[in-house]
Amino acid sequence: MLPVAFEDATKAIQAFLLSGKTYVCVVQLHDDVAEQTIRDTFAEFSGEIFQRPPLRASVKRIVRRRTIYALEILEIEGRSVLFRADCQAGTYMRKICSDIGEAIGRGAHMSELRRTRAGPFDEDRNLCSMYDLLEAYDDWKSGRDEEGLRKIVRPVEEAFKFIPKIYIRDSAVDAICHGADLAIPGVVKLDEGIMNKTPLVLMSLKGEAVALAKALMPTEQIVEQNHGIAAKTVRVIMPEGTYPRLWKEAHDRRDAMSSV
Amino acid sequence: MKLLPPWEMERETVSKAKAETDATIGYDPYRRPIDFHIRFGVVNLDKPPGPSSHEVVAWVKRMLELQHAGHGGTLDA
């Protein structure tokens with residue numbers, strides 16, 4: 001299961017780093033342990049845990065809180081435990097395994113790992129083979145049919161399916177495409193549950209991804225206030241000029257009026 | 001209270017203002033002309049077990065005549 005992004009959609013790859021993941025994992029215990037002890041220990045690891053990223057990580061190595069949404073033991077065979085974990089982005093399964101070993105008191109290490117979901121992309125969703133892709137591309141290029149490509153290649157917006165969204169008016173779009181932060185007057189509608197620092201996607205009213213951003217205010221405040229900066233633009237996705245420069249015209253008009 | 005993974009969370013959308021969008025600017029993501037569809041496209045690939053993700057992306061770039069392509073990470077853990 002490998003999500004691959006094309007051309008401008010590569011800018012969305014950052015969003016994969018924010019997406020929750022599902023892993024199927026095997027932890028190898030270093031001693032024989034009673035099944036009930038194993039189950040009890042696993043139960044302790046659901047919910048919020050603390051982790052320091054390993055030496056090899058590309059992030060700052062401070063202890064941080066991560067959320068394990070679900071931890072389910074699938075099979076226990078001798079000292080091997082097969083389990084599934086739904087976890088927040090940036091959770092290190094290798095560390096979870098060794099910490100489980102410490103909690104049990106006999107030690108353990110991760111022996112196998114497979115990622116079965118990254119945000120909206122999972123293994124069950126009709127994966128596309130290299131052959132399917134080549135065939136669909138060929139069908140289009142030889143003038144026959146674009147339908148195969150349209151089905152196999154998904155709009156980049158689908159990668160943002162589980163990221164909170166703010167929908168902005170047409171006149172605000174190009175400013176964002178130039179890197180401007182989102183001012184409250186540009187907001188038309190937004191998802192519930194947004195909090196300060198929540199990663200967001202700014203969307204046009206047509207549902208096009210405009211930019212990745214970070215909230216500076218919670219939903220309630222954005223709804224209530226009429227001024228202020230709602231979100232900081234982090235990565236622009238839509239090319240400049242896709243929407244006209246209405247923001248500059250409005251600005252010029254205002255300047256022209258004030259000099260009368 | 002049970003913590004829900006993002007794919008199980010339901011979010012309502014709250015309206016702040018009324019606004020319309022100009023149909024002559026931009027595109028509904030599902031109605032892009034095919035070249036834009038590819039340009040803003042992602043694919044969930046069933047990666048063959050042998051080659052590395054990097055190699056697979058290189059093949060895809062060549063096959064589809066793309067300037068850029070990237071993958072959504074393999075195992076971050």
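Visitor: Across the interface of chain B and chain A, how many residue pairs are in polar contact?

Guide: A polar contact is a pair of N or O atoms within 3.5 Å; within protein, one must be able to donate a hydrogen and the other to accept it, and residues adjacent in sequence count only if both atoms are side-chain atoms. By this rule, 37 residue pairs are found across the interface of chain B and chain A, both residues at pLDDT 80 or more. This is a predicted model, in which local features need pLDDT of at least 70 and side-chain atom pairs count only at pLDDT 80 or more, while totals for chains, interfaces and linings use all residues. Residues are numbered from 1 along each chain as its sequence is written, chains are lettered from A and ligands numbered from 1 in the order in which they are written, and side-chain values use heavy atoms, with hydrogens and water left out.

Visitor: Which elements of chain B each supply at least two residues of the side that touches chain A?

Guide: Helices (H or I, at least four residues) and strands (E, at least two) are DSSP runs, numbered from the N terminus. In chain B, the elements are strands E1 (13-15), E2 (41-45) and E3 (69-71), with helices H1 (34-39) and H2 (53-63). H2(B) gives the largest share, six residues. Sorted by class, this side of chain B has 31 nonpolar, 15 polar and 13 charged residues, where Ala, Val, Leu, Ile, Met, Phe, Trp, Tyr, Cys and Pro count as nonpolar, Asp, Glu, Lys and Arg as charged, and the others, Gly among them, as polar.

Visitor: What area do chain B and chain A bury between them?

Guide: The size of an interface is often given as the accessible area lost when the parts come together. Buried area is the accessible area (1.4 Å probe) that two parts lose on being put together, summed over both. Here chain B and chain A bury about 6600 Å², 63% of it on carbon and sulfur atoms. In terms of contact (heavy atoms within 4.5 Å), 59 residues of chain B touch 81 residues of chain A.

Visitor: How many salt bridges are counted between chain B and chain A?

Guide: A salt bridge is a side-chain nitrogen of Lys or Arg within 4 Å of a carboxyl oxygen of Asp or Glu. The count between the two chains is three. Asp8(A) and Arg39(B) form a salt bridge through their side chains, at 2.8 Å from N to O.

Visitor: What is the order of the open sheet of four strands?

Guide: Two strands pair if DSSP finds at least two bridges between them. The order is E8(A)-E2(B)-E1(A)-E3(B), with antiparallel pairing. E8(A) and E3(B) are the edge strands, each with a single partner, so one side of each lacks a neighbour in the sheet. H2(B) packs on this sheet, touching E1(A), E2(B) and E3(B), and its direction makes about 150 degrees with that of E3(B); axes are lines fitted to C-alpha atoms, for helices over the stretch in contact, and angles run from 0 to 180 degrees between N-to-C directions.

Visitor: Which residues stand opposite one another in the pairings of this sheet?

Guide: Among them, Pro155(A) faces Gly41(B) in E2(B), where E8(A) (residues 154-155) and E2(B) pair over two bridges. Phe6(A) stands opposite Ala69(B) in E3(B); three bridges join E1(A) (residues 2-6) to that strand.
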